[in-house]
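Please have the structure open while I speak.

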Amino acid sequence: MPATAYLPPQSISLRETLENLNVASQGPALDLEWEPFHTHVEAFLNAIDQYTLAAKTEIAARATDHTALVRDIQAEKKETERRIQVERERETEMLATLEAERHTLADLTSSLSRLQNSLSRVREQSTSLDSELGAVRKEALAERATKERQRAALGEMHEMDSAESARMEAALGWKIAGIQPNVLMMTFTLLDPSDPDREFQFVIDVSQQDYTVPNCAPPLPELPELLQQLNVDRDFLGFSKKVRKAFRALVTPPPAQPSKFDDLAGPGTRAAAVEEAA
């Protein structure tokens, strides 16, 4: 770039240039009507300057608008590209969902087929069970009638046994009562000649493998030995008989003649009697 490009611009006057030329030539002076011409030229130059300034302003404004428009277009382009990417992702997700639903539909169709087959089998089984149920109902009705007849017979036997038991209790003075689950209280009377109504009692607990006697009135010294024998041979009737004899021994010596209760020996006592006889 030449050095003169960096010099500040200098104003050049056409009038001064012409005057300088006239002075230098020393020729005759001419009246060029410079003042009107100068005014006209100044107005022309001012008009050109205003036009140039207006053009520059318009160009700057259009450049600014163009820049803003380009920026908006770029922003809109980025937004459009972003939306396109979002829609592509949604499309991918929808395709994946559609594929998963297609597999699910296939599985459901297969399951429905299996369920329909199972339903058919269940219906067949239901029909068979209905037939069997009808037969079972008939058997149940017959069994119920049999049970009713048996219950009636047992009721009659219970009434007979109750009467017999009452007579036995009155004759032997022996009562059995349940005071708790698996706990029995046995009461003996007619043992004391001076007081036939005097009660001799013991409580026996049969809830465990080994029976226990938590209460005995009056106390019997031989009770532990009798209870141990009971847990070995399980001869409950023989145990009751031995306890009754022990109660009676507390009052008076055993009578010479056996009582009616002595004849009701259990398996253990009958074996002992056989051994004594031998």
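This is a predicted model: local features need pLDDT of at least 70, side-chain atom pairs count only at pLDDT 80 or more; totals for chains, interfaces and linings use all residues.

Let me begin with a definition: a charge sits over a ring if NZ of Lys or CZ of Arg is within 6 Å of the ring centre and within 35 degrees of the ring normal. Here the charged end of R234 sits over the ring of Y211, at 4.5 Å from the centre of that ring.

Residues are numbered from 1 along each chain as its sequence is written, and side-chain values use heavy atoms, with hydrogens and water left out.

Now to the ring pairs: rings of Phe, Tyr and Trp (its six-membered ring) pair if their centres lie within 6.5 Å, and planes under 30 degrees apart count as stacked, over 60 as edge-to-face and the rest as tilted. By this rule there are five aromatic pairs. In one of them, the centres of F188 and F247 are 6.1 Å apart and the planes stand at 55°, so the pair is tilted. Because F188 lies in strand β2 (residues 183-188) and F247 in helix α4 (residues 236-251), this pair ties together parts 59 residues apart in sequence; helices (H or I, at least four residues) and strands (E, at least two) are DSSP runs, numbered from the N terminus.

F200 and F247 also form a tilted pair, with 5.5 Å centre to centre and 40° between the planes.
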